[in-house]
Amino acid sequence: MADKIPYKTYLTEEEMPTQWYNMRADMKTKPAPLLNPANGKPMTAEELSAVFCEELVKQELDNDTAYIDIPQEILDFYKMYRPSPLVRAYCLEKALDTPAKIYYKFEGNNTSGSHKLNSAIAQAYYAKKQGLKGVTTETGAGQWGTALSMACAYLGLDCKVFMVKVSYEQKPFRREVMRTYGASVTPSPSELTEVGRKILAEHPGTTGSLGCAISEAVETAVKSDGYRYVLGSVLNQVLLHQSIIGLEAHAAFKKLGVKPDVIIGCAGGGSNLGGLISPFMGEKLRGEADYRIIAVEPASCPSLTRGKYAYDFCDTGKVCPLSKMYTLGSGFIPSANHAGGLRYHGMSSTLSQLYDDKLMEAISVEQTSVFAAAQQFARVEGILPAPESSHAIRAAINEALRCKQTGEEETILFGLTGTGYFDMVAYQKFNDGTMTDYIPSDEELAASFATLPKIG
Ligand SMILES: *Cc1c(COP(=O)(O)O)cnc(C)c1O
């Protein structure tokens with residue numbers, strides 16, 4: 001190995017962050033507030049508290065406090081699987097024959113297999129502290145439901161998961177992991193909720209969507225005594241908890257005396273990307289350093305690259321507050337592809353504002369090229385990546401190949417958000433050569449933009 005950078009860099013216990021970082025505190029233009037669909041006014045803490053835990057509502061609305069202490073109980077839980085390694089991808093660099101230096105921050109080293117556990121434990125902790133009986137949520141590909149089940153089991157909370165029907169049927173093993181951790185798992189849309197019955201009546205035979213499962217989970221929380229709803233992405237509070245990823249990476253780079261030039265992450269609802277970039281974006285916002293930051297989304301669900309920046313519903317049943325974000329419209333039903341956790345119609349309002357302010361870039365990539373990158377990565381670096389994470393791998397490889405052409409020795413960091421063991425049906429299609437790409441037409445997008453509420 002050419003230079004002295006170790007293959008993996010870990011922080012010591014003393015070097016571990018003890019506070020989350022809230023990027024919003026350093027943003028000149030703050031993300032737009034959530035609006036109450038009934039009156040078009042910003043949601044108050046009181047209104048939000050009917051759905052979310054009190055402390056999480058505070059975090060959601062806090063645009064000013066830069067650093068927030070991580071409670072000791074959460075730090076203790078983090079110790080079970082953190083710090084995550086910052087890995088220098090020497091083998092990938094060699095395979096690509098690139099002068100670029102590639103690093104990835106690997107979040108797949110826990111049973112849930114993804115970064116989602118970082119926020120699941122925080123949200124479950126605040127629910128427990130409030131004296132609640134349990135929480136409800138939705139899950140798409142299943143990583144969030146698994147992470148939340150693990151966190152709830154650890155704290156002794158009940159956990160009700162609405163799982164998008166197509167995933168429920170295609171990923172029986174994911175479902176069983178959640179049940180092993182004590183969660184109840186219901187395929188969505190279901191007959192258990194008013195909104196589920198309505199969606200089933202309107203679209204019989206539907207295989208569900210994330211937006212639809214969110215509506216069911218929210219309704220269940222509001223109607224059950226001692227329950228609140230928790231969400232694994234999109235919200236400001238989730239980006240706050242995920243800042244642990246970026247803070248660790250930032251500290252590890254400092255320890256190595258290295259500064260990344262390009263930071264890349266896949267973007268579904270924006271939580272891993274928002275977390276990874278947090279401290280770097282903070283420096284950028286304060287004018288202390290500059291970085292190229294790239295969000296990577298599937299061409300089949302291109303919220304940032306082809307969406308509109310507008311107020312929209314966060315869910316299909318329109319029971320949630322309105323959020324200003326890059327969106328394809330809450331009526332957008334993504335094609336049955338394998339981007340799993342990247343199939344949400346909208347995007348974090350914080351990342352949407354940063355993107356609108358041109359502080360970050362976005363690109364979209366097609367799924368066969370994503371799986372080609374996943375395969376190449378798995379063969380040289382050993383880890384079998386999640387399809388979602390592989391969007392970031394694709395972009396990182398593209399950047400490294402650009403460096404090969406120009407001879408630039410740039411340092412690239414990407415977020416490797418998880419492992420892909422439950423995605424073998426998708427890998428099988430890729431290996432069999434039967435995987436296809438799907439790009440929605442302008443007409444299709446126009447039809448879903450027509451579902452945008454007329455506000456703002
Ligand atoms: C959920 C998930 C994502 C996408 O969610 P974000 O909120 O955009 O981070 C990416 N990778 C993995 C492995 C996931 O489970």
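Visitor: How many Å² do domain 1 and domain 2 bury between them?

Guide: Keep in mind that we are looking at a predicted model. The protein is divided into domain 1 (8-15 + 83-113 + 236-449) and domain 2 (20-26 + 50-69 + 116-229). Of the area buried between these two domains, 61% is on carbon and sulfur atoms. The total comes to about 3,300 Å².

Visitor: How many residues of domain 2 are in contact with domain 1?

Guide: The centres of domain 1 and domain 2, taken over C-alpha atoms, are 22 Å apart. Domain 1 brings 39 residues to the contact, and on the side of domain 2 the number is 35.

Visitor: Which helix gives the most to the side of domain 1 that touches domain 2?

Guide: Let's begin with polar contacts: between domain 1 and domain 2 there are 14 residue pairs of this kind, with both residues at pLDDT 80 or more. On the side of domain 1 that touches domain 2, the elements giving two or more residues are helix 11 (236-256), helix 12 (271-285) and helix 14 (349-356). The one that gives the most, with 11 residues, is helix 11.

Visitor: How many salt bridges does the rule find across the interface of domain 1 and domain 2?

Guide: Side chains of opposite charge can pair when their charged atoms come close. In the whole structure there are 25 salt bridges. Across the interface of domain 1 and domain 2, the number found is 2.

Visitor: Which residue meets Asp423 in a salt bridge?

Guide: Here we look at the side chains, where a nitrogen and an oxygen are 2.9 Å apart. The cut-off for a salt bridge is 4 Å, and the partner that meets Asp423 is Lys171.

Visitor: Where does the largest nonpolar core lie?

Guide: This core has 75 residues, and Trp20, Ile74, Ile277 and Met360 touch the most other members. Domain 1 and domain 2 both give residues to the core, so its place is between domain 1 and domain 2.

Visitor: How many residues are in the second, separate core?

Guide: Its members include Val87, Phe106, Ile294 and Val365. The count for this second core is 34 residues.

Visitor: Which residues does Ile74 touch, not counting residues up to four places away in sequence?

Guide: Ile74 is one of the residues that touch the most other members of the largest nonpolar core. Leaving out residues up to four places away in sequence, Ile74 touches Trp20, Ile121, Ala122, Tyr125 and Tyr126.

Visitor: Is Gln59 buried or exposed?

Guide: You can find Gln59 in helix 2 (residues 54-61). Buried means under 20% relative accessible area. Gln59 has 3% relative accessibility, so it counts as buried.

Visitor: Which side chain makes a polar contact with the side chain of Gln59?

Guide: Gln59 touches several residues beyond four places away in sequence, among them Trp20, Tyr126, Leu240 and His241. The polar contact is at 2.9 Å, and the side chain that makes it belongs to His241.

Visitor: How many residues apart in sequence are the parts that Arg82 and Glu248 tie together?

Guide: The side chains of Arg82 and Glu248 meet in a salt bridge at 2.7 Å, N to O. Both Arg82 and Glu248 are buried. Arg82 lies in the loop between helix 3 (72-78) and strand 4 (86-88), while Glu248 is in helix 11, so the pair ties together parts whose separation in sequence is 166 residues.

Visitor: Is Glu288 buried or exposed?

Guide: Glu288 and Arg286 meet through their side chains in a salt bridge (2.8 Å, N to O). Arg286 is partly exposed, with a relative accessible area of 37%. Exposed means over 50%, and Glu288 has a relative accessible area of 53%, so Glu288 is exposed.

Visitor: What links Arg292, Glu361, Glu399, Arg402, Glu408 and Glu410?

Guide: Arg292 and Arg402 belong to this group, and so do Glu361, Glu399, Glu408 and Glu410. What links these residues is a network of salt bridges.

Visitor: What distance separates the C-alpha atoms of Gly145 and Ala183?

Guide: Gly145 is in helix 6 (residues 143-155), and at 0% relative accessibility it counts as buried. Beyond four places away in sequence, Gly145 touches Thr139, Val161 and Met178. Gly145 and Ala183 are 38 residues apart along the chain, and their C-alpha atoms are separated by 8.5 Å.

Conventions. Residues numbered from 1 in each chain as written. Predicted model: local features only at pLDDT ≥ 70, side-chain atom pairs only at ≥ 80, totals over all residues. Heavy atoms only, no water. Core = buried A, V, L, I, M, F, W, Y, C linked by side-chain atoms within 4.5 Å. Buried < 20%, exposed > 50% of the residue type's maximum accessible area, 1.4 Å probe, protein only. Domains from an automatic or database assignment. Contact = heavy atoms within 4.5 Å. Helix = DSSP H or I, 4+ residues; strand = E, 2+ residues; numbered from the N terminus. Polar contact = N/O pair within 3.5 Å; in protein donor to acceptor, adjacent residues only side chain to side chain. Buried area = accessible area lost by both parts, 1.4 Å probe.
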